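Hello,

Here is the structure I said I would pass on. My notes on it follow below the display.

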Amino acid sequence: MSNIDMSLLISEEETQSLASQQKQMQTNAEARAYLESTDWYVLREAETGVAVPNDIRTKRASCRDAIVS
C-alpha cells in the first residue's frame with residue numbers, strides 16, 4: 001500500500017476542525033475521568049452530610065463546564 005499525503009485529500013480548514021474536535025474529545029475524556037474519580041465525595045455528602053471539599057467542588061464544576069457533547 002502506498003503512502004497517501006492526507007493533506008491532499010482534506011482542506012486546511014477541515015484539518016483544523018478535526019484537530020479541534022480531537023482536542024475537545026480529549027478534554028471531555030479527562031473531565032469525565034476526574035468527575036468519576038471524585039463521585040464518591042458527592043455520594044458521601046449525600047449519605048453522611050460530610051461536605052465535599054471546596055477545591056473538589058470547584059474543579060468538578062469546571063469539569064462539567066468544559067464538557068461539550
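**Overall layout**

The protein chain has two helices and zero strands. Its radius of gyration is 19 Å, well over the 11 Å that the globule rule gives for 69 residues, so the chain is more spread out than a compact globule. Please keep in mind that this is a predicted model. Taken along the principal axes, the box filled by the C-alpha atoms is roughly 60 × 25 × 15 Å. Of the 69 residues, 14% are buried. Among contacts with a separation of 6 or more, 52% are between residues 24 or more positions apart.

**How the helices pack**

Two packed helices are described by the angle between their axes and the distance between the axes. Here, helix α1 covers residues 12-48 and helix α2 covers residues 54-66; the angle is about 145° and the axes are 9 Å apart. The crossing of α1 past α2 is left-handed.

On the α1 side, the residues that meet α2 are Q24, T27, N28, A31, Y34, L35, T38, D39, Y41, V42 and E45. Their partners in α2 are I56, R57, K59, R60, C63, R64 and A66. Sorted by class, this contact has eight nonpolar, four polar and six charged residues.

**Residues at the contact**

Which residues does R60 touch, once its neighbours within four places in sequence are left aside? They are Y34, L35, T38, D39 and V42. R60 belongs to helix α2. With a relative accessibility of 11%, R60 counts as buried because the cut-off is under 20%.

A31 sits in helix α1 and is also buried, at 5% relative accessibility. Apart from neighbours within four places in sequence, A31 is in contact with C63 and I67. A31 and D65 are 34 residues apart in sequence, and their C-alpha atoms are 9.2 Å apart in space.

N28 is another residue of helix α1. Is N28 buried or exposed? Its relative accessible area is 7%, so N28 is buried. The side chains of N28 and Q24 are joined by a polar contact of 2.7 Å. Beyond neighbours within four places in sequence, N28 is in contact with A66, I67 and V68.

A29 is found in helix α1 and counts as partly exposed, with 42% relative accessibility. From A29 to I67 the C-alpha distance is 8.4 Å, although the two are 38 residues apart in sequence.

T15 lies in helix α1 as well. At 35% relative accessibility, T15 is partly exposed. T15 and C63 are 48 residues apart along the chain, and 26 Å separates their C-alpha atoms.

**Where to look**

R60 can be viewed with Y34, L35, T38, D39 and V42, and A31 with C63 and I67.

Regards

Note on methods
Residues are numbered from 1 along each chain as its sequence is written. This is a predicted model: local features need pLDDT of at least 70, side-chain atom pairs count only at pLDDT 80 or more; totals for chains, interfaces and linings use all residues. Side-chain values use heavy atoms; hydrogens and water are left out. Axes are lines fitted to C-alpha atoms, for helices over the stretch in contact, and angles run from 0 to 180 degrees between N-to-C directions. Helices (H or I, at least four residues) and strands (E, at least two) are DSSP runs, numbered from the N terminus. A crossing is left-handed if the near helix is turned anticlockwise from the far one by less than a right angle, and right-handed if clockwise. Contact means heavy atoms within 4.5 Å. Ala, Val, Leu, Ile, Met, Phe, Trp, Tyr, Cys and Pro count as nonpolar, Asp, Glu, Lys and Arg as charged, and the others, Gly among them, as polar. Buried means under 20% relative accessible area, exposed over 50%, partly exposed in between (1.4 Å probe, protein chains only). A polar contact is a pair of N or O atoms within 3.5 Å; within protein, one must be able to donate a hydrogen and the other to accept it, and residues adjacent in sequence count only if both atoms are side-chain atoms. The radius of gyration is taken over C-alpha atoms; the globule rule is 2.2 Å times the number of residues to the power 0.38.
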